[in-house]
Amino acid sequence: IKHGGGNEFENLALACPHCNQNKGTDLTTFLDNYQDIVSLYHPRLQVWFDHFKVEEGEIIAQTRIAESTIKLLNLNEAERLIQRRLLMSIVRYP
């Protein structure tokens, strides 16, 4: 809504509470220095596997967009890696 969209179903994206809190209304973040602004991954317009891969529970960036998303959402912090690896061990991830 803040950026001109509505709250209709087509404009919503599923997110866990952790990702939702970290993302907020951000559309970009800085990488490397404060002059390199990079967009975040857009789940309705981009294909996840074009930007990311998973190795032993760690989400690996394949693009700058993935780097910015991993950074902003803290996708590979220790607690999340443990949770992801546990889910993988019981075949519930990905």
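**Notebook: surface patch and charged pairs**

I began with Ile37, which I found in strand S2, residues 37–39. I noted that I was working with a predicted model.

Next I looked up the salt bridges, and the count came to four. In one of them the side chain of Arg64 meets that of Asp32 at 2.8 Å, N to O. This pair links distant parts of the chain, since Arg64 is in helix H3 (residues 64–73) while Asp32 is in the loop between strand S1 (28–30) and S2, 32 residues apart. Arg64 also meets Asp36 in a salt bridge, at 2.1 Å, N to O, and here the partners are 28 residues apart, with Asp36 in the loop between S1 and S2. I checked exposure as well: Asp32 is exposed at 68%, whereas Asp36 is partly exposed at 21% and Arg64 is partly exposed at 31%.

I also recorded a salt bridge between Glu55 and Lys53, whose closest N and O atoms are 3.0 Å apart. Salt bridges that share partners join Asp32, Asp36, Arg64 and Glu67 into one network.

Last, I turned to Lys2, which lies in the segment before helix H1 (17–23) and is exposed, with a relative accessible area of 62%. Its side chain makes a polar contact with the side chain of Thr25 at 3.3 Å, although Lys2 and Thr25 are 23 residues apart in sequence.

Notes. Residues are numbered from 1 along each chain as its sequence is written. This is a predicted model: local features need pLDDT of at least 70, side-chain atom pairs count only at pLDDT 80 or more; totals for chains, interfaces and linings use all residues. Side-chain values use heavy atoms; hydrogens and water are left out. Helices (H or I, at least four residues) and strands (E, at least two) are DSSP runs, numbered from the N terminus. Buried means under 20% relative accessible area, exposed over 50%, partly exposed in between (1.4 Å probe, protein chains only). A polar contact is a pair of N or O atoms within 3.5 Å; within protein, one must be able to donate a hydrogen and the other to accept it, and residues adjacent in sequence count only if both atoms are side-chain atoms.
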